Amino acid sequence: MSFLDCPSTEEYHTAALAYSKQLHDNVRERAILVLRTKEDEEEAKRLRRQADTLEQQVEAEERKAAEAIRIREAENRRKQIPLPPPRLPTPPPQVAPPAPTPPAPQQSSPVQPAPVKPVQSAFNPPASAPATQAQAPAPRLPPQFTSQPAAQPSPPIKPQPSPFQQTAAPAVQPPQEPHSQSQPSQPQSNGLQVIPDADRLVEIHQNLKKLRSFISTQNDPISTERVRQRDGSMKEKHVTVKTLAGEMRRALTRTMGQLTDIAGSNSKQIVTIRELLEKSLTINSAPMQPQHFMCNPPQGPVDGAQHNGDVMPSLFLYLLNVFTKAIVNQLSSEASTNPKIAEPIGIVAHTIISHPKFLWRGHSFVGIIMAKFRTSLPVVFGVRGSETTEQGRQRLGWRKGDDGWISDQEHQDRMRGLGAGYAALCLRNYSKSARVNPWPPSHYWNAMGLLICTPPAERSTTQVIVLTALIDGYERKFLEFYGDMARCAMRAAIIDFPRSSSDKTAAIQTLSILGDKIKRDLGITL
């Protein structure tokens, strides 16, 4: 018989007390565990709130410090900006002197008014037709798109000359006037071109504007394609030159934006750009005479050239213009902060523009690229002007935004990027290539000479910034091409030019520092 059967025994009560104590201990341990867990959770929440509060305080202090730095930098930039309030109303008097200059060259050469018009009629027949019908400009007109005969080959080409004829007179007359002024007024260097080809580049730029307007009117279908609809059915869609031009323009611009400054990483982009241009040569777009987009067009066919005809597809010429705009836009936006990107852009530009498939009678269309540089970076072509006047800013390539002229800092950054890009386009070595250099290093020498030889009274900050961008990073290549003469030129630019400048601006000081950089990197003392 067990003690459990007898509740009144001592052993029974002892076992019951032990069992109760065990249950009590278990409950107590479980309660302590729950209490500690709750305390830990509360402590974690408290620490999390404290950390969040501290992070918010740090972020607020960082934002406060950043805004204080922005305010300080803005105040420093504001102090450096020249404020010429009394000169703002002076542009009208300064615009007046160039106005009477156009009749001056007509008086100096009264026997040659007639030959001036045939020059314009090469691309714009209406400019010469209403003037004198007895003259013989008609044989010089391009029959493909500059005249309106009823016997033209295809109906889509017949309405094509109309947009060119409507804009012919205003588009080509502006470049004709500075051309007539360049010879008699060269001593007045302020605002006038020194390089003779600069006037031709202005004409090419005007012709490119007409080309863009012309492409926008090409709405006639050239082919059809079947497009699958959302419901699964197939529908025929008309393809026009305008739609193809838009698609290829977007593809080319997107590809140019993918260029990097890493050596050998742009081969895929070059292939894509080349394929787009090759495709444009096969599309049935309106033919155009290529000489309207070349500085020195060839007079006749060249043996071995792939394109020896009188015309080339207008879509191909349009894509070359898109390619040029992408080059200039990327240089002005990226090369200002990352000058190393200018070098691969220059390599891509030369690889495409000198390709044998994209030549006409053995000559490249580098005039299209330089026409854009002539309007975006005029100072490398000898153009001078005052940065405090409306007309001077226009001559210097100062862009306008939605609220007027862009700021000084934006303009300087843009000039810095374009200057580095122009140096990359000029200093290309073709000694190991079978191709012909379309823009040899002599243009780099000419640009430096035009900037350095500017009289102190006519110098501008734009010229100093562009001169610095031309030299910085390209000293070694300049020396490879010109040797000791390059060393003398750099001494004139870095030592003599700042010394002769009356205003010791920040741009002048930056130019002077290049001498120490050349000594450190190349071991050359100017």
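Is R361 buried or exposed? In this predicted model, R361 is buried, with a relative accessible area of 7%. The residue belongs to the loop that links helix 12 (342-353) to helix 13 (366-376). Apart from neighbours within four places in sequence, H355 touches R274 and R435.

With that starting point in hand, the overall picture can be drawn. The protein has 526 residues, and buried residues make up 39% of them. Its secondary structure comes to 20 helices and six strands. Among contacts between residues at least 6 apart in sequence, 68% join residues at least 24 apart.

The pLDDT averages 79 over the protein, and 77% of the residues score at least 70. Residues 85-159 have a pLDDT below 50, and this stretch has 72 contacts in the model beyond near neighbours in sequence. Residues 162-193 likewise have a pLDDT below 50, with 63 contacts beyond near neighbours in sequence. Where pLDDT is low, the predicted coordinates should not be read in detail.

On the helix 8 side, the contact is made by L208, L211, R212, F214 and I215, and on the helix 11 side by S314, L315, L317, Y318 and N321. Sorted by class, the contact of helix 8 with helix 11 has seven nonpolar, two polar and one charged residues.

Helix 8 also meets helix 13. Here the axes come within 8 Å and cross at roughly 100°, and helix 8 and helix 13 are therefore roughly perpendicular to each other. Helix 8 contributes A198, L201, V202, I204, H205 and L208, while helix 13 contributes G367, I368, M370, A371, K372, R374 and T375. By class, the contact of helix 8 with helix 13 has eight nonpolar, three polar and two charged residues. L208 of helix 8 takes part in the contact with helix 11 and also in the contact with helix 13.

Helix 11 can be followed onward to helix 15. The axes of helix 11 (residues 314-335) and helix 15 (residues 408-426) come within 7 Å and cross at roughly 120°. Helix 11 and helix 15 are therefore oblique to each other, and helix 11 passes helix 15 in a right-handed crossing. The residues in contact are V328, L331, S332 and A335 from helix 11, together with D413, R414, G417, L418 and G421 from helix 15. In terms of class, the contact of helix 11 with helix 15 has four nonpolar, three polar and two charged residues. The spacing of residues in such contacts can be read with a simple rule in mind: an α-helix has 3.6 residues a turn, so residues three or four places apart point the same way.

Leaving aside neighbours within four places in sequence, A423 is in contact with Y444, L470 and Y474.

Helix 17 itself (residues 461-471) is mostly covered, with 10 of its 11 residues buried. The buried residues are T462, Q463, V464, I465, V466, L467, T468, A469, L470 and I471. The elements that cover these residues include helix 15, helix 16 (442-452), helix 18 (475-482), helix 19 (484-500) and helix 20 (506-522). Just after helix 17, G473 takes a positive phi of about 90°.

Notes: Residues are numbered from 1 along each chain as its sequence is written. This is a predicted model: local features need pLDDT of at least 70, side-chain atom pairs count only at pLDDT 80 or more; totals for chains, interfaces and linings use all residues. Side-chain values use heavy atoms; hydrogens and water are left out. Axes are lines fitted to C-alpha atoms, for helices over the stretch in contact, and angles run from 0 to 180 degrees between N-to-C directions. Helices (H or I, at least four residues) and strands (E, at least two) are DSSP runs, numbered from the N terminus. Angles under 35 degrees count as roughly parallel, over 145 as roughly antiparallel, 65 to 115 as roughly perpendicular and the rest as oblique. A crossing is left-handed if the near helix is turned anticlockwise from the far one by less than a right angle, and right-handed if clockwise. Contact means heavy atoms within 4.5 Å. Ala, Val, Leu, Ile, Met, Phe, Trp, Tyr, Cys and Pro count as nonpolar, Asp, Glu, Lys and Arg as charged, and the others, Gly among them, as polar. Buried means under 20% relative accessible area, exposed over 50%, partly exposed in between (1.4 Å probe, protein chains only). pLDDT is the predictor's confidence in each residue, from 0 to 100.
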